[in-house]
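We'll hop from one stop to the next, and each stop says what to pick.

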Amino acid sequence: MEETYLLNVEGVRKKILHGGQGELPKLQDGSKITFHFQTLKDDFERTVIDDSREAGIPMEIIVGKMFKLEIWETLLSSMRAGEVAEFWCDAIHTGMYALVSRGMRRIAEGRDPLEGQKHRCGMGNMFDYHSTGYDDLDELQRTPQPLIFIMELFRVEEPSAYKRDTWAMSKEEKLAAVPMLHSEGNRLVLCKEFGQAAAKYQEAVICLRNLQAKEKPWEDGWLKLENLVTPLVLNYCQCQLELGEYYEVLEHTTELLQKHNENAKAYFKRAKAHAAVWNEREAREDFLRVAHLDPSMAAAVKKELKQLGERMRKKHVEDRKRYQGLFQPPQGP
């Protein structure tokens, strides 16, 4: 088809390779765009840099969530569902491509896209390490140049039409999602679906932690969110106790107690985890701390200490028998 220019976009040319269907999509913040793409150099060989089809998974971006290659939203907004188009983009639009490609390649390799980065913006990390870890991307980083993008648009979904990942939610959406996730986790616990319940509690905690990151620690906004986080973490730890993930319980309860050192429930769950992995002294200390902080739990503590004593005595007897067998002289013929 004939080559056309995108209106009001300097340094971009579009060629439609296969026509799409329907109207142009109406993008809004939170819309999800699903597409395949191929990135080529603007050289004689049209050297391929990336091809999403090789990974076998289409690319997805969420509109308005600061995707580093802003021009892609503009390109995709000019396409209809099912359309395949080729875009030539000048270097003014492609300067961030090396960083974007690095993240996508790491994900395709099953690696963390932020692995090795400091807590800084993407460009800052580039200057820190001087390399993306890929020779061809390092070349693009040193010498920004025009690129060709061939895109096939599959669909555009409105925010309400799909289950949104936590990172893609607004502040209000995250706050609204937390009680729903909490309630669903509780329902799954009653059904003894502890693994699924733990996932719901964890998702709710992630929502709140993301919001907390934008607040000043220990100020009112941060504390209100922390009060919501604490019971979710405790519920998560209870599920992990049921699943036998005792060391994970030790990790999360210890982290919680570093901030809230008078939380009797956190001490109780940590004590049970210590007892499960034979840390007798630590378990007794935590159980006694529980009884001191919350006398109403004294009966439960007494029961747990009795069970702990019986288990430890049984273990000592078994250990003695095992060691005696190791050091007995062999019997004669």
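A charge sits over a ring if NZ of Lys or CZ of Arg is within 6 Å of the ring centre and within 35 degrees of the ring normal. Before using that, some ground rules: this is a predicted model, where local features need pLDDT of at least 70, side-chain atom pairs count only at pLDDT 80 or more, and totals for chains, interfaces and linings use all residues. Residues are numbered from 1 along each chain as its sequence is written, and side-chain values use heavy atoms, with hydrogens and water left out.

**Stop 1: a ring with charges**

Select W278, R311 and K315. R311 lies over the face of W278, 4.2 Å from the ring centre. The charged end of K315 also sits over the ring of W278, at 5.4 Å from its centre.

**Stop 2: the whole chain**

Zoom out and colour by pLDDT (the predictor's confidence in each residue, from 0 to 100). The chain averages 84, and 84% of the residues score at least 70. Where pLDDT is low, the predicted coordinates should not be read in detail.

Switch to cartoon and you'll find 13 helices and seven strands. These are DSSP runs numbered from the N terminus (helices H or I, at least four residues; strands E, at least two). Of the 333 residues, 40% are buried, that is, under 20% relative accessible area, with exposed over 50% and partly exposed in between (1.4 Å probe, protein chains only).

**Stop 3: the aromatic cluster**

Now select F35, F37, W72, Y97 and F149, which ring pairs link into a cluster. Rings of Phe, Tyr and Trp (its six-membered ring) pair if their centres lie within 6.5 Å; planes under 30 degrees apart count as stacked, over 60 as edge-to-face and the rest as tilted. The count by this rule is eight aromatic pairs.

Start with F37 and W72: their ring centres are 4.9 Å apart and the planes are at 55°, so the pair is tilted. F37 is in strand β3 and W72 in helix α2 (residues 71–77), so this pair ties together parts 35 residues apart in sequence. Then go from W72 to Y97, where the centres are 6.5 Å apart and the planes again at 55°, so that pair is tilted too. Y97 belongs to helix α4 (residues 97–108), so here the parts tied together are 25 residues apart in sequence. Is W72 buried or exposed? At 0% relative accessibility, W72 counts as buried; Y97, at 1%, is buried as well.

**Stop 4: along β3**

Stay on strand β3 (residues 32–41) and pick T34. T34 is buried, with a relative accessible area of 1%. Show its neighbours: leaving out residues up to four places away in sequence, T34 touches P58, M59, E60, E152, L153, F154, R155 and E157.

**Stop 5: the cores**

Finish with L232, F287 and V290, the residues with the most contacts inside the largest nonpolar core, which has 42 residues. Such a core is a set of buried Ala, Val, Leu, Ile, Met, Phe, Trp, Tyr and Cys residues joined through side-chain atoms within 4.5 Å. Apart from it lies another core, of 29 residues, including W72, L75, L76 and C89.

Note on methods: Contact means heavy atoms within 4.5 Å.
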